[in-house]
Amino acid sequence: MRDDAAVYDAFVVARLRAAGCVFAEDEAAVLLAAARSTVELDALIERRAAGEPLEQVVGWAEFAGLRILVDPGVFVPRRRSEFLVSVAVGLGRSRMGGGSAIPVVVDLCCGTGALGLAVAAGLTVPGGTVAGEPGRVELEAADLDPAAVACARRNVEPVGGHVYVGDLFAALPDRLRGRVDILICNAPYVPTGDVAFLPAEARDHEPLVALDGGLDGLAVLRRAASGAPSWLAPGGALLVETSDRQAAEMAGAMAAAGLRPVVHTDEDTTATVVTGRAGNR
């Protein structure tokens with residue numbers, strides 16, 4: 001970089017601020033750290049100034065204490081979804097305490113695979129063991145978007161997980177049927193009519209299939225609730241994220257599928273998560 005680093009840093013911040021980046025100082029620090037030359041830095045700044053999400057520009061996102069690889073055109077994991085991870089880890093630990101030595105975690109509509117990875121990390125104790133027994137969390141993930149699957153494989157396969165391409169449960173191997181302890185489905189829940197009001201960086205740089213949740217936003221999530229019981233282990237849980245306005249409707253869909261719904265909210269992030277537990281059949 002140049003000798004007058006402070007002046008150049010201020011120049012980068014000014015360019016980002018002029019492009020409408022609210023957190024220009026923080027983003028400038030990320031871009032400066034990522035670039036290996038001024039030429040590369042200029043290219044990164046131009047991409048960000050053009051509206052591409054910062055995480056796609058630098059190729060990674062920080063999520064739940066993990067660095068998640070993010071490819072161009074793939075849905076960027078949202079920090080609000082860390083609340084779903086915390087709820088899932090709590091449920092998983094309670095099951096481990098009940099004798100489930102190696103939990104099976106499935107991440108549907110996985111995008112980068114961030115949520116499944118974070119849950120698996122939260123359930124794996126140091127030394128590569130779970131609940132004192134040899135082995136790791138069994139992590140499986142799937143997405144309809146081939147680009148997301150390719151990205152998720154770069155994140156999930158290094159820790160021993162598997163990623164499949166396909167529509168919800170149709171993508172999963174039959175060996176998982178009736179064995180899933182934690183089933184995450186972070187499907188889109190934005191109503192079709194509201195997609196146009198999303199930030200431009202989402203509309204223009206993330207796939208529509210990861211944003212559009214159908215007429216009322218719950219089209220994919222209802223399908224997940226309907227199909228979940230045959231894949232969940234006794235006492236296993238489906239976890240989804242919704243808006244606060246959709247939570248009651250989603251809880252009803254889970255109850256109709258035979259799951260026991262609970263609505264969880266986080267005041268700090270205004271995140272809403274609906275869980276549905278399977279019976280101990």
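Biologist: Why is Arg 67 called exposed?

Modeller: Arg 67 has a relative accessible area of 59%. Exposed means over 50%, buried under 20% and partly exposed in between, with a 1.4 Å probe and protein chains only, so Arg 67 counts as exposed. The model is predicted: local features need pLDDT of at least 70, side-chain atom pairs count only at pLDDT 80 or more, and totals for chains, interfaces and linings use all residues. Residues are numbered from 1 along each chain as its sequence is written, and side-chain values use heavy atoms, leaving out hydrogens and water.

Biologist: Where does Arg 67 lie, and which residues does Arg 67 touch?

Modeller: Arg 67 belongs to strand E2; helices (H or I, at least four residues) and strands (E, at least two) are DSSP runs numbered from the N terminus. Leaving aside residues up to four places away in sequence, Arg 67 touches Trp 60 and Ala 61, where contact means heavy atoms within 4.5 Å. The C-alpha atoms of Arg 67 and Asn 155 are separated by 9.2 Å, although the two residues stand 88 residues apart along the chain.

Biologist: What makes Ser 243 buried or exposed?

Modeller: With a relative accessible area of 15%, Ser 243 falls on the buried side of the cut-off, and therefore counts as buried. Ser 243 sits in the loop between strand E9 (232–242) and H10. Apart from residues up to four places away in sequence, Ser 243 touches Tyr 189 and Thr 272.

Biologist: Which residues of helix H7 are buried, and how do you know whether they line one face of the helix?

Modeller: In H7, residues 146–156, the buried ones are Ala 148, Val 149, Cys 151, Ala 152, Asn 155 and Val 156. Down the axis of H7 they fall within an arc of 165°, so they line one face of the helix; the arc is that of the directions from the helix axis to the C-beta atoms. Those buried residues pack against strand E2 (66–69), helix H6 (114–123), strand E6 (138–143) and strand E7 (162–165).

Biologist: How close do the axes of H9 and H10 come, and at what angle do they cross?

Modeller: The axes of H9 (residues 219–227) and H10 (residues 247–256) come within 8 Å and cross at roughly 25°. That makes H9 roughly parallel to H10, because angles under 35 degrees count as roughly parallel, over 145 as roughly antiparallel, 65 to 115 as roughly perpendicular and the rest as oblique. Axes are lines fitted to C-alpha atoms, for helices over the stretch in contact, and angles run from 0 to 180 degrees between N-to-C directions.

Biologist: Which residues meet where H9 packs on H10?

Modeller: Leu 221, Arg 222 and Ala 225 in H9 meet Glu 249, Met 250, Ala 253 and Met 254 in H10.
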